[in-house]
Amino acid sequence: MANSPEVSTEALADLRERYRTERERRVRPDGARQYLGADAEFGYYAADPYAGEPTGREPLRDRVDVAVVGGGFGGILAGARLRQRGVERVRIIETGGDFGGTWYWNRYPGIHCDIESHVYLPLLDETGYVPEWKYAPGEEIRRHAVRIAEKYDLYADAVFSTAVTSLTWDDTSEAWIVTTDRGDKFRATYVVTATGTLSELKLPGIPGIEKFAGHTFHTSRWDYGYTGGTPDGGLVGLADKRVGVVGTGATGVQVVPLLAEDARHLYVFQRTPSSVDVRANRRTTAADVGADRPGWASERRENFLRVVSGEPADADLVRDGWTASAGLLEKLLPSFRRSGDRTAFEASYEIADAVKMNEVRARVDQVVTDPDTAAKLKPWYRYACKRPTFSDRYLQAFNRDNVTLVDTADTHGIERMTERGVVIGDTEYALDCLIFATGFSVGVSGVHSGRLPVRGRRGVRLRDAWREQGPRTLHGFTSNGFPNLLQMGGTQSTSSVNYTHVLDEHAVHAAALVAAAEAEGALIEPSRQTEDDWIAVLADGAPDHEWFHAECTPGYYNAEGRGRPNGPTAYPHGAAAFHDLLERWRANSTHQVLRPRSVPRREV
Ligand code: NDP
């Protein structure tokens, strides 16, 4: 391996060894089973703190054109794009008390989007809205979700505080029957599922968690009644409290500085430190982002996607931590490989990664005054093993006298809980309040997991249809045996750090499929051959980065240290290329998935 002026061959070997031992300290035999869901005796953790008591309403027994499961950005964008295609009856069904999804639930102090707001907030061209900050606070994003819903009249048929309990294809009427936990049973010609990827909160399965007598809650259900204040801070209720926070991921990094300001004492229970890079948030003007030109937002968003996907781009308009480290973040995406030599590519990746992580670790030393605390805050893994974070207040918080960092790596997290607090080694930390910033389960929401029973033709369950060979789709959207079911943001499509962009492309695609089926009086359903062909495309060139995840520190990116699941799960050439592929396919091949209806559409 070549020497770099900044990282010698020996230094790289040392790093590899350090990463390996740090990973081994953290891998747990119980993997993802170490977590608890917010159900049964822990169901109260998931209660909606914002909606109040659900108001009574009559169960729905009607028919709509499209039922959209989920009222986060995925569902809202599906609704907006369907409206643009002239679809009239669109019913979004949402468990929260309003639109917003992630941004409805997550209102913790300090909440911001870490992707530039001008590319993250969708439909800026269409709504005429120009965000005020480079990185928007959560409330601004939530209000934008509402703005889109209002503009496209999505409140008209929406139902809130309602969970879909089953989706069943009725062969006779060729429509979906949708049931909910509010007693609804209505028909929909099409169903779009937009249930999110990180939407079910998880708790650590710490022995004795139920014994703790103090106050607890999860960051995605912030209890302002207890803490006082707002997402901007002023948590006056904590002035006399000993507060603990578990978790130092993207959420922990945002919430800790505000807790540190207001708690009498804050204990940060860390298992794996995040990489924390410079944030440099600032107010922006329309002129800064060229918002005086029509189409400025979609152009900027496309530019961001192309830069972070390794596709040729004339300029880097966003110029931030994501675009600067794009080649590292997308984990050996083939589009970043400028020559055919894979070994040389991986070697140069490793050097660039080491340079970046050395910089991240050096920043800890620059900011944190206590050397022992600084040592604990340094991340020892590759940059893309965990979601990178950005903050100009997080590391600084550990210089305060009222903040204690408690490292729990050697005990695989908090060992146990008592009535008074938490125990690590020989020490019991007495607490008044413990806040779980412990994230969300992956792969449990949506139709794949089986949590939402989906029955297609002849009553076959989607989960059973996929049991033997794994997921089978075309582009991740449609599946044989499940006509007029459009899955958004799922497996076998693609993803990107700017997830709302991905969702919007999916929404455009779903709406185009519905419009084509309506125009032809057809059903949307790929053949098994079409699915096989797509699975072959997924397998071709994938995946360069399996070994990468296998060497990473545990987390939700790699199934808690176990690497990626077998088989191709995403289009291997990145989101920008996938979107181009979808656009070409819509222009030339939509007929591939259109089948004649047996029942004329108007009789459904
Ligand atoms: P994460 O899953 O990223 O982090 C959970 C944290 O809890 C980790 O630090 C984890 O440690 C820790 N943890 C879990 N169990 C224990 C235990 N038993 N003892 C001690 N620590 C424990 O969740 P987040 O909510 O931080 O973030 C989830 C995702 O949400 C992000 O990756 C991002 O995609 C999104 N997000 C995006 C934001 C944005 O601005 N766009 C902001 C916030 C979140 P360990 O690492 O060792 O497992």
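**A close look at the aromatic contacts**

Modeller: Happy to. Y45 and F436 are both buried (under 20% relative accessible area; exposed is over 50%, partly exposed in between, with a 1.4 Å probe and protein chains only). This is a predicted model, in which local features need pLDDT of at least 70 and side-chain atom pairs count only at pLDDT 80 or more, while totals for chains, interfaces and linings use all residues. Residues are numbered from 1 along each chain as its sequence is written, and side-chain values use heavy atoms, leaving out hydrogens and water.

Searching the whole structure gives 23 aromatic pairs (rings of Phe, Tyr and Trp, the latter by its six-membered ring, with centres within 6.5 Å; planes under 30 degrees apart are stacked, over 60 edge-to-face, the rest tilted). One of them joins Y45 to F436 edge-to-face, at 6.1 Å centre to centre and with 65° between the planes. Y45 sits in the loop between β1 (35-37) and β2 (63-69), whereas F436 belongs to strand β17 (residues 433-436), so this pair ties together parts that are 391 residues apart in sequence. Helices (H or I, at least four residues) and strands (E, at least two) are DSSP runs numbered from the N terminus.

F269 and Y429 make another edge-to-face pair, with 5.6 Å from centre to centre and 80° between the planes. Here F269 comes from strand β10 (residues 265-270) and Y429 from strand β16 (residues 427-430), so parts 160 residues apart in sequence are tied together. F269 is buried, its relative accessible area being 2%; Y429 is buried as well, at 17%.

Back at Y45, the picture widens: F42, Y44, Y45 and F436 form one aromatic cluster.

Aromatic faces also carry charges here. R91 lies over the face of F186, 4.6 Å from the ring centre, and K202 lies over the face of Y35, at 4.1 Å from the ring centre. The criterion is NZ of Lys or CZ of Arg within 6 Å of the ring centre and within 35 degrees of the ring normal.

Now to the helix packing. Helix α1 (residues 9-26) packs on helix α12 (residues 342-367) at an angle of about 70°, and their axes are 11 Å apart. Axes are lines fitted to C-alpha atoms, for helices over the stretch in contact, with angles from 0 to 180 degrees between N-to-C directions. The two helices α1 and α12 are therefore roughly perpendicular (65 to 115 degrees; under 35 is roughly parallel, over 145 roughly antiparallel, the rest oblique). On the α1 side, L12, L15, R16 and Y19 meet E350, I351, A354, M357, N358 and R361 of α12, where contact means heavy atoms within 4.5 Å. Sorted by class, this contact of α1 with α12 has six nonpolar, one polar and three charged residues (nonpolar: Ala, Val, Leu, Ile, Met, Phe, Trp, Tyr, Cys and Pro; charged: Asp, Glu, Lys and Arg; polar: the others, Gly among them).

Next come two backbone details. R319 is not a glycine, yet has a positive phi of about 45°. The loop between α9 (296-308) and α10 (321-324) holds R319, which counts as exposed at 65% relative accessibility. E560, also a residue other than glycine, has a positive phi near 55°. E560 lies in the loop between α18 (546-550) and α19 (574-588) and is buried, with a relative accessible area of 8%.

Helix α19 contains A576, which counts as buried at 1% relative accessibility. Setting aside neighbours within four places in sequence, A576 is in contact with L305, R306, S309 and E311.

Finally, T230 is located in the loop between α7 (224-227) and β9 (242-246), and its 38% relative accessibility makes it partly exposed. Beyond its neighbours within four places in sequence, T230 contacts P109, Y224 and L235. D262, in helix α8 (residues 250-262), is likewise in contact with L235, along with G233, G234, L238 and A239, again leaving aside neighbours within four places in sequence.
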